[in-house]
Amino acid sequence: MAFIRFTPLAAVLAFSLAHCAPVAEPLLSELSNTSYGPIPGQSPLYSTYSGTAPPFPGNITGAIVNTTAGPPGEDDLLFQNLLSAEWVIFSFYQQGVERFNSTDFIEAGLPNTTYERIQQIRDNEAGHLRIFQDQISTNSVKPGPCQYVYPFEDPISYIALQTVIEISSMAFLTGLELQAKLTLSKAALVAIAATESRHNTWSLIDNWKSTPFAGPADTVYPYANQILDFTNEWVVNGSCPLENPIYPTPRQNLPQITPGAGTTAITPGSTIVFNFTQPDNQPHFTPDQDYYAVFFHGVYNISVPFNTTTYSAVIPPQIEPLGIIIAVVADEEGAPTKESVLAGTLILPQSPAALAASGV
């Protein structure tokens, strides 16, 4: 594919600022220059662009290879993982913008501003792409987009998945902050999390007519890569740029979980059956050894016995039915290390009630 290059750089910036339109696909090497193209927080592109075509840098199709040699930056790996995750999220919103229109959401019973909000969030996510690219040093590859297939069929299932993505992102962003070495990286993650929280609050209030609160603290999950790995289910095999590092790195490739047949509900106090969804990736349990279902909610977790015959556990009744619960199977109480986690993560939305009842 031939790449179009606009020169000089000032012309690119002037065009984007004046028309709030996407920049045409640049040479990938140019993207190593953090001054290239619209700058998040300084260009209205990342808040008010209302077109269907993907905004810069969401219109690039490959990885940005390193342009210098040397050791990676202290937080390069963190932001490589986060950039790959952001491609998943941005592409979800971009597909929504392309597949639906304002009428589709209105006819589904959603507010008449829903499509506009999806566009605005898409724009924000494009800005996140550029921010994360800029956080990776020129000694390291900046991952590019893959092809993605998401489990939605109509506006309602799209908005349901949108809500799950946003509430889950809070958990992995707080987990990634535990990995960050640089203070500036930690501050950037908090700033991004604050924006994602606004996205989620909008959806909970406007679309679900639900409380926007998750209790005194959003759920913290310490092993962010395990949540990121869940999104690999939406990646089309073989579609990623060859230069992309393994996503996430390091990848445990744990067995994934969904609520199985026999689950009475996914509310505190109910019995949940763990369905291990990948036939070729099943957990192995040793007879006479204790295993635990560990439920993370807020800044704490609670462990209960995991029945290795019925693959079931009782969701701790003391958990407040707000926000999300993240459940895993572990061979130690509290899952004190990532190696102690044997399967997961399972995302259990506690609110809005429509999502909790459906077991999304």
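Start by selecting S185, which sits in helix α7; helices here are DSSP runs of H or I at least four residues long, strands are runs of E at least two long, and both are numbered from the N terminus. You are in a predicted model, where local features need pLDDT of at least 70, side-chain atom pairs count only at pLDDT 80 or more, and totals for chains, interfaces and linings use all residues. Residues are numbered from 1 along each chain as its sequence is written, and side-chain values use heavy atoms, with hydrogens and water left out.

Is S185 buried or exposed? S185 is buried because its relative accessible area is 2%; buried means under 20%, exposed means over 50%, and partly exposed is in between, using a 1.4 Å probe and protein chains only. Show what surrounds S185 and you'll find D75, F79 and A180 touching it, leaving out residues up to four places away in sequence. A contact here is heavy atoms within 4.5 Å.

Stay on α7, which spans residues 183-207, and move along to S197. S197 comes out at 25% relative accessibility, so it counts as partly exposed. Draw a distance from the C-alpha of S197 to that of P212: the two are 15 residues apart along the chain and separated by 9.5 Å.

Next, pick K209, in the loop between α7 and α8. Check its phi: about 50°, which is positive although K209 is not a glycine. K209 counts as exposed because its relative accessible area is 65%.

Now jump to S84, in helix α3 (residues 76-99). S84 has 10% relative accessibility and therefore counts as buried. Which residues does S84 touch, not counting those up to four places away in sequence? They are P143 and Y247.

A cis peptide bond joins Y247 to P248, with omega about -15°. P248 lies in the loop between α8 and β1 (257-259). Step along to T249 and P250 for another cis peptide bond, this one with omega near -5°. P250 is found in the loop between α8 and β1 too.

Time to colour by domain. The assignment gives domain 1 (25-234) and domain 2 (257-355), with bounds that come from an automatic or database domain assignment. Their C-alpha centres lie 27 Å apart.

Zoom in on where the two domains meet. On the domain 1 side, 24 residues are in contact with 23 residues of domain 2. Together the domains bury about 1900 Å², 70% of it on carbon and sulfur atoms; buried area is the accessible area (1.4 Å probe) that two parts lose on being put together, summed over both. Select T219, Y221 and Y223: they supply 29% of the area that domain 1 buries against domain 2, more than any other three residues.

How many salt bridges cross the interface of domain 1 and domain 2? The rule finds 0, where a salt bridge needs a side-chain nitrogen of Lys or Arg within 4 Å of a carboxyl oxygen of Asp or Glu. The rule does find 7 residue pairs in polar contact there, both residues at pLDDT 80 or more. A polar contact is a pair of N or O atoms within 3.5 Å; within protein, one must be able to donate a hydrogen and the other to accept it, and residues adjacent in sequence count only if both atoms are side-chain atoms. Highlight α6 (155-179) and α8 (224-230), since each supplies at least two residues of the domain 1 side that touches domain 2. α6 gives the most to that side, with 6 residues.

Now for the core. The largest nonpolar core has 73 residues, and Y158, F172 and Y221 have the most contacts inside it. This core draws at least three residues from each of domain 1 and domain 2. A nonpolar core is a set of buried Ala, Val, Leu, Ile, Met, Phe, Trp, Tyr and Cys residues joined through side-chain atoms within 4.5 Å. Centre on Y158: beyond its neighbours within four places in sequence, Y158 is in contact with F92, Y93, G96, F100, F105, I118 and F152. Another core, of 20 residues, lies apart from the largest one; I266, F285, A343 and L346 are among its members.

Finish at D288, in the loop between β2 (271-276) and β3 (292-297). Its phi is near 70°, a positive value in a residue other than glycine. D288 counts as exposed because its relative accessibility is 85%.
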